[in-house]
2 protein chains.
Amino acid sequence: MPSPSTLLTDLYELTMLQAYWAERMNATAVFELFVRRLPSHRSFLVAAGLEQVTDYLLDLRFAADELAYLAETGRFAPAFLASLRDLRFTGDLDAMPEGTVCFPDEPIIRISAPMREAQFVESRLLNLIHFQTVVASKAVRCALAAPGKVLVDFGLRRAHGAEAALLSARATYLAGFSGTATVEAGRRFGVPIYGTMAHSYVQAHSDESAAFAAFARAHPENAILLIDTYDTERAAHAVVRLAPTLAGEGIAIRGVRIDSGDLGEHARRVRAILDGGGLSAVTIFVSGNLDELRVRDLLAQGAPIDGFGIGTRVNTSADAPYLDCAYKLQEYDGEPRRKRSEGKATWPGRKQVHRRYDSDGLWRGDVVTLASHPVPGVPLLEPVIRAGRLVAPLPELSAIRQRVDEDVARLPESLRALDGEAPPQVEIAPALRALAAEIDACT
Amino acid sequence: MPSPSTLLTDLYELTMLQAYWAERMNATAVFELFVRRLPSHRSFLVAAGLEQVTDYLLDLRFAADELAYLAETGRFAPAFLASLRDLRFTGDLDAMPEGTVCFPDEPIIRISAPMREAQFVESRLLNLIHFQTVVASKAVRCALAAPGKVLVDFGLRRAHGAEAALLSARATYLAGFSGTATVEAGRRFGVPIYGTMAHSYVQAHSDESAAFAAFARAHPENAILLIDTYDTERAAHAVVRLAPTLAGEGIAIRGVRIDSGDLGEHARRVRAILDGGGLSAVTIFVSGNLDELRVRDLLAQGAPIDGFGIGTRVNTSADAPYLDCAYKLQEYDGEPRRKRSEGKATWPGRKQVHRRYDSDGLWRGDVVTLASHPVPGVPLLEPVIRAGRLVAPLPELSAIRQRVDEDVARLPESLRALDGEAPPQVEIAPALRALAAEIDACT
């Protein structure tokens, strides 16, 4: 991703930095990013966005024009702004690998760096991890609802801006979608791209069949015809009548798309028309206001649908468009810290999450503890950046997809179900409880 | 805004363009962008995003590396890709001015251009108009709930990516907010920027009062102190004790911020503590999961709150994160067109919206008709681009804010209320109904 401006930050990061600078406070700070609670209709989350966070940290710097703007605001001391010229991320990043299934109260990311760096990156880190985690956690539900089906991200038009469109193409793909309609996501991330035609194409022709024929000739290997502009079944019959002519030219129609009406009922009728016309190889693709529940219902009815174009409701995660997440100071200059605001208290110290499995390899539960006090189970946070340098190349999207698959497969059915239960509260290890109590007693 | 790649588009725009190119179809097409229906909890919309759409159209072109990627996909004919090198927007754009109050079925934007240009721009036009209209239509409700109060956009961290953060700062500001915490929105759009401190700043100091004093000294003219890290009222007393020392140094604390607990109750207690300590000039600012309903409730209780930091629920428009909007072909090569898909039929032809007012200047209703058949009332769509060139400079954000104010003030109370009614169905003029019937009869 081309980075947006380093000024894509909350003003308070900079006002705090100026205060820290004036106080000469820049000891090592440990911050952790976590989700406080799950929205309804989510039994687990899929952590996503780490690659973009890593790029952001490695590329962090202020450009001259950005510093010039800050000077113009009249809010900052010139010597402080001069100090920002040299700001780089020189610290450590530990994180759950992208695609890890995770739960509330578990640190997804831990930053350990000089205070000014660790504080400054808060806004963009949250912005990047939050959004992709929201979308991946929604998209994985679609994948669970439609095993073996083609799922394509159609969400660019109603995604919240350009970056949301690109990153949701990435997040849906890593969570199990087959690809996206957004061309730039193909170029940037290598996500497979899919595309058919719009109603306007059919409307622009005076005859629907002529539109189908012209499109198929322009795309002899990829013709998916949109058949609901006027009358869906009539259009399906037109496809059947057209097929022999096209076949004579060496063109096989690949599929049809239905975008309105009762999708299940239309799919059944269209399937019968196509099969009756010898076109059993032509696939049926549907779209229009879909989400995991509608997809599940269509398949449960036995609708003969091969693929789904899924947009708005997943790209915006319409039933839960945000997560209650935070990036909190847990340690400063070697001393553990704890926020105690009502309803928003945090667990102090530098933490790790250990995952436990039963003898069949199924997920049994997670324990959050101090990194210095390991407990049994697989530790989830791994080193990503040390002293400002990448520890090892990040995984490819294909490997992230596989991790999602494996992690989800190990969850109990009670959490994998679309109307699954709330997960058990994550276990807080005794060492961590003891530290929290100790801090509370001292203040 | 720096434009994202021209490949930020749906693949089907390009597959259609190749078909049009193969068919040598490029006559003038008229497309209109409109919203099909209002979500619950919205009685009207505020049209927004026109400036970004205009920039997009004026700057439209494919870069060499973008065409190279398209060639690599193997989906396109080289001669077709060569034709894209010269693609520019040479057509016309008519639109409601930004900040216009609008309703379903009303064209917000009309594009009239050679088919390939008019079709290609669909995805990004929708992406830009949809999001800012969603946010402005939510933010204006906050402004209605809190007349005279300071409202600040705090939403960067949970906005859906970088562009959503920037554009929602712009959209909330044009809808009546006072400013934003997002620094880059200050630089790009001139939106006033606001910032205080985070809990981490207080936590990093071993003593809360020391943190307050250090921050105030680093920001002698702008110190707003966050007082809920440990115990809100205890911190308010600390502020009172600290004030005389700071006053001796010429520093006046400007305000306090409360971010957790019962905000109304804390505000009352803190106000009493501050007033009792002679700090009646110190303002109280609150934040934390706010939206227009919570703001209204807090003010209805008489909570002594001067300003609100409003983030996630407005930036993501959490109760209605998307609008059912579309960009549809209404005329091709001089012939009106109509889509008749179930539940998604469109009104054909090149249209205009006329707004009627009663003798007191209050809104009485809108009529949608053919542009060629004007009816009484003020026409809302105005020329913005003609033959690829801007007709006149676009309005400043300050003028857009004023338009929102005026348009909203002319609405009846039944639509302005937060739990307002659904607006009356927009009136369809007889000429338009007659045209639709004529098309249906011919096909």
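Biologist: Good to know! How are residues numbered, and at what pLDDT do side-chain atom pairs count?
Modeller: Residues are numbered from 1 along each chain as its sequence is written, while chains are lettered from A and ligands numbered from 1 in the order in which they are written. As this is a predicted model, local features need pLDDT of at least 70, totals for chains, interfaces and linings use all residues, and side-chain atom pairs count only at pLDDT 80 or more.

Biologist: Which helix of chain B gives the largest share of the side that touches chain A?
Modeller: The contact takes 80 residues from chain A and 80 residues from chain B, where contact means C-beta atoms, placed from the backbone, within 7 Å. Elements that each supply at least two residues of the chain B side include helix 6 (122-145), helix 7 (162-174) and strand 12 (324-332); helices (H or I, at least four residues) and strands (E, at least two) are DSSP runs numbered from the N terminus. The largest share, nine residues, comes from helix 1 of chain B.

Biologist: Through what surface do the copies meet?
Modeller: Of the interface residues of chain B, 100% are also interface residues in chain A. So the copies meet through the same surface.

Biologist: Are helix 6 and helix 7 of chain B parallel or oblique to each other?
Modeller: Their axes, lines fitted to C-alpha atoms over the stretch in contact, are 8 Å apart. The helices pack at an angle of about 45°, on a scale of 0 to 180 degrees between N-to-C directions. Under 35 degrees would be roughly parallel, over 145 roughly antiparallel and 65 to 115 roughly perpendicular, with the rest oblique. That makes helix 6 of chain B and helix 7 of chain B oblique.

Biologist: And how do helix 6 and helix 13 of chain A lie to each other?
Modeller: The axes of helix 6 (residues 122-145) and helix 13 (residues 292-300) of chain A come within 8 Å and cross at roughly 5°. The contact is made by A:Arg141, A:Cys142 and A:Ala145 of helix 6 and by A:Glu292, A:Val295 and A:Arg296 of helix 13. Helix 6 of chain A and helix 13 of chain A are therefore roughly parallel.

Biologist: What share of the residues in chain A is buried?
Modeller: Chain A has 17 helices and 19 strands, and its C-alpha trace spans about 80 × 60 × 40 Å along its principal axes. A residue is buried if 20 or more other C-beta atoms lie within 10 Å of its own, exposed if 12 or fewer, and partly exposed in between, with C-beta atoms placed from the backbone. Of the 443 residues in chain A, the buried share is 54%.

Biologist: Last one: is A:Leu415 buried or partly exposed?
Modeller: A:Leu415 is found in helix 16 (residues 413-416) of chain A. Leaving aside neighbours within four places in sequence, A:Leu415 is in contact with A:Ser43, A:Phe44, A:Gly420, A:Glu421 and A:Pro423. Because 18 other C-beta atoms lie within 10 Å, A:Leu415 is partly exposed.

Notes: Two residues are in contact if their C-beta atoms, placed from the backbone, lie within 7 Å.
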